[in-house]
Amino acid sequence: MAEKIRQFVEFKLGEEEYGVDILQVKTIERMMPVTRVPKAPPFVEGVINLRGEIVPVIDLKKRFDLEPTQITDNTRIIIVTLDDITVGMIVDSATEVIQLPQEAIEPAPTITNGIDSNFLDGVGKLDGKLLILLNLAKVLKPQEITQLSRM
Amino acid sequence: MNNQYLDIFLEESKEHIQNLNDHLLELESNPRQDIIDEIFRSAHTLKGMAGTMGFNRISEITHEMESLFGDIRNGKIAVSPEIIDTLLESVDFLERLIEDITENGEEGDRDINIILEKLKQNPGASAQFKEPEKEDKKPEANQNFNEFEERLIREAMSKGLFVWEVLIKLEANCLLKSARAFLVFKTLESFGDIIKTKPIVQDIEDEKFDDEFTVYIISAHDKQELEKSLSSISELRSIQIKEVEQRSFEGATANSGESQKDTVACTVDEAMVKNTNHLKKTSKTLRVDIERLDKLMNLVSELIIIKTRLDGMDEKTDGQKRREAVEYLERITSNLHDAVMKVRMVPIENVFNRFPRVVRDLSRELSKNISLIIEGAETELDRTVIDEIGDPLIHLIRNSVDHGIEMPEERLKKGKAAQGTIKLKAYHDGNNVVIEISDDGRGIDLNKVLKTAIARRLIDKEQAKNLKESEIISFLFEPGFSTKEKVTDISGRGVGLDVVKTKIESLGGGIEIKTVPDKGTTFLIRLPLTLAIIQALMVMVGEEKYAIPLSAIKETVIVASRDIKRVQKNEVTCLRGKVIPILRLGELLDVKSNGNHTDDLTMVIVKKGERDIGLVVDSMIGQQEIVIKSLGNFLNNIKFIAGATILGDGKVALILDVNTMF
């Protein structure tokens, strides 16, 4: 048996490099007009028209309690799906797709700079580069979102 | 189990069960050989299918039913109402088994022996039938919470939120139990998260509970607030709210306490996985006429042709051809829209066919003699509407049977035929579908309605004199109307009508009542053909565009700001003698104000039932047909927002949910 290789879409928030499992990524879009949704949780930027489908968009940096994203030419929206949820995540840039063998993935350290380790699936190591791997189920966890929206 | 076949099995067995129901009813009034043959065939097919799928309980029951039919066919037993009762009970039981399969993918472990006994001993004599489900079902739902719920509770408590145990008891004669429960849920949901119910939600929805149920809710609000808003729901006998204390469930987890922490992550994931599995199994299917699909296919291929045509065109030179192509494209898209809508259409028969059974059972229970006439069952409605309309209709029919139609003796005295008639009629009327439920019973006693209204201080005596008939009737839709006056024989005419009305209005429809003393009552329900496309008024609030459904709008007015008064903290204005509360949409929706305040306020008056609210907007853009899209599962439950739509320029505008603003 060949070792199991997983593929990740690599993107940046500030200077940090993150990865999200490619199987959960639907498309990557350029920034487009976002309609604000009142009374939504603060990290929800609003909704976009993704070829006829209404998709909510979150600012991933706000979600992680980092500085809000400044929109540049490199800003991208990564559209991800988890079960029956489709959400766009605003990131500073989306760089490439990388392959990681399963054994190059280590559990997330309990302390990362700033980001709640609950959101993380692990850390991928490749050629001395560190890739922080997101746990989408946690990032998009429904309970927390409904609770927030009611506050 | 092979899922692919399971779906087909479920779909077909439901058809056979409906078939059995229909034919049994027919058999009762008209015992003919060909009907018995038909029943025999349905039962036999069901038995065969269940056997192949390994659902032995179903095939056992159908086997016994079959032998009973065999006896009837050979003339060994005569058809009697008791036999029909037993057979119908068995069909109900089969239906429940099939529901279990739909939910869990397996038969479950209901006790079928009672039914089998029943069928074997050739009923006739035994008049009483023991409800089998009550004994073997719900083996006293476990008091304890499961791991996932415990975790939620612990989390909530650590955040300083309350966990309330709300015990609701319904009035014993409450008709639409599940609808009341629904109202309770809806009210509670506005306070926090419901984590558990007893019995489970599914059972509550199916009215499989006696008069009481318990809801566990995590909320930041205190007891009084909950109590206050629950008490506005009618037909609740009592509301008991208790706090769930930490130690009441701590004991159960103490032993697994520490080790659990590490596995928390995977518990959640498992729960999610379970959830999605569950969703998959109950996903809705729709049978579509193949002809309609072919038409859809044709339109799509035309769409592809036109796309290639546009591709090949030179932007500068082909002006005329281009215009033609765009026109053609327009025609295809509107045809395509029609075709897709048609695919979603389901004949209302799917709802109507449960009613003969309801009327039969009720009239036997009340020893009335009633015939049900159904017309226009082939009328088609959008699937979503069909799914929702069943309960309100059942309620109206029960009303007619119970309160409308008189006892046979009374009818004879009045010179009417002993047999009462309830007519159910559906037909298209423009862009609407109308459903009429009419009975030839005693009609509504308007004087009594008026007296009750005065007694309940909905109106004072002086005003009452000038009321029009339609205004008196509208009291029937007041929440809780007539529930307190069980003595009068109009009671019940109002019970739950508020629920019916709310439901129908939430579907974008309306309801009217026409009544003539001793001639009967007619309920007229008007429903839109489809929910997906509505007329809306587009308004500007600051720099943002919002859509307000036209069906909720009464009028638009311009009010000078000096005509706005303050009552306590709320702004109101007077419009033709009526005081109307005002909401400034900009503040409500946290819109950044663009700063220019004018003396004249543009106001959209919206209505919910009899109440009005004025919504202040910055300007109006105009009326427009919009396609409703959902905000998706990630953003459901956003306050004040019903959905979104895509505008001509590709941008998204939000649709306001006017109902939540009252």
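How many bridges join strand 12 of chain B to strand 20 of chain B, and which way do the two strands run? Keep that in mind for a moment. What we have on screen is a predicted model.

The answer is eight bridges, and the two strands, with strand 12 covering residues 533–541, run antiparallel. One pair to look for is A536(B), which stands opposite Q624(B) in strand 20 of chain B.

Five strands of chain B form an open sheet in the order 20-12-13-22-21, and the pairing is mixed. Strand 20 (619–627) and strand 21 (641–646) of chain B are the edge strands, each pairing on one side only. From one strand to the next, the twist averages 35 degrees.

Chain B has another open sheet of five strands, in the order 6-8-9-11-10, also with mixed pairing. Its edges are strand 6 (370–375) and strand 10 (510–516) of chain B; each has a single partner strand, so one side of each is left without a neighbour in the sheet. Ignoring direction, neighbouring strands here are turned by 15 degrees against each other on average.

Inside this sheet, strand 9 (residues 432–439) and strand 11 (residues 520–528) of chain B run antiparallel and are joined by eight bridges. V434(B) has R526(B), in strand 11 of chain B, as its bridge partner. Helix 17 (residues 383–404) of chain B packs on the sheet and touches strand 6, strand 8, strand 9 and strand 11 of chain B. The direction of helix 17 makes about 20 degrees with that of strand 9 of chain B. Helix 16 (residues 355–365) of chain B lies across strand 6 and strand 8 (420–429) of chain B, and runs at about 170 degrees to strand 6.

Next, a single helix. Helix 4 of chain B, residues 81–104, has 24 residues. From first C-alpha to last it reaches 34 Å, close to the 34 Å expected at 1.5 Å a residue. Which residues of helix 4 are buried? They are I83(B), T86(B), L87(B), S90(B), V91(B), F93(B), L94(B), L97(B), I98(B) and I101(B). When you look at the spacing in that list, recall that an α-helix has 3.6 residues a turn, so residues three or four places apart point the same way. Just after the helix, G105(B) takes a positive phi of about 80 degrees.

On to chain A. Its secondary structure comes to three helices and 11 strands, and along the sequence the pattern is β-β-β-β-β-α-β-β-β-β-β-β-α-α. Of the 151 residues in chain A, 34% are buried. Take the contacts in chain A between residues at least 6 apart in sequence: 52% of them join residues at least 24 apart.

Where do the chains meet? The contact takes 27 residues from chain B and 26 residues from chain A. On the chain B side, helix 12 (257–282), strand 21 and strand 22 (652–656) each give two or more residues. Helix 12 of chain B gives the most, with four residues. By class, that side has 14 nonpolar, six polar and seven charged residues.

Last, confidence. Chain A averages a pLDDT of 83, and 86% of the residues score at least 70. Over residues 145–151 of chain A, pLDDT stays under 50, and the model has 11 contacts beyond four places in sequence for that stretch.

How values were computed. Residues are numbered from 1 along each chain as its sequence is written. Chains are lettered from A and ligands numbered from 1 in the order in which they are written. This is a predicted model: local features need pLDDT of at least 70, side-chain atom pairs count only at pLDDT 80 or more; totals for chains, interfaces and linings use all residues. The expected span of a helix is 1.5 Å times one less than its number of residues. A residue is buried if 20 or more other C-beta atoms lie within 10 Å of its own, exposed if 12 or fewer, and partly exposed in between; C-beta atoms are placed from the backbone. Two residues are in contact if their C-beta atoms, placed from the backbone, lie within 7 Å. Two strands pair if DSSP finds at least two bridges between them. Axes are lines fitted to C-alpha atoms, for helices over the stretch in contact, and angles run from 0 to 180 degrees between N-to-C directions. Ala, Val, Leu, Ile, Met, Phe, Trp, Tyr, Cys and Pro count as nonpolar, Asp, Glu, Lys and Arg as charged, and the others, Gly among them, as polar. pLDDT is the predictor's confidence in each residue, from 0 to 100.
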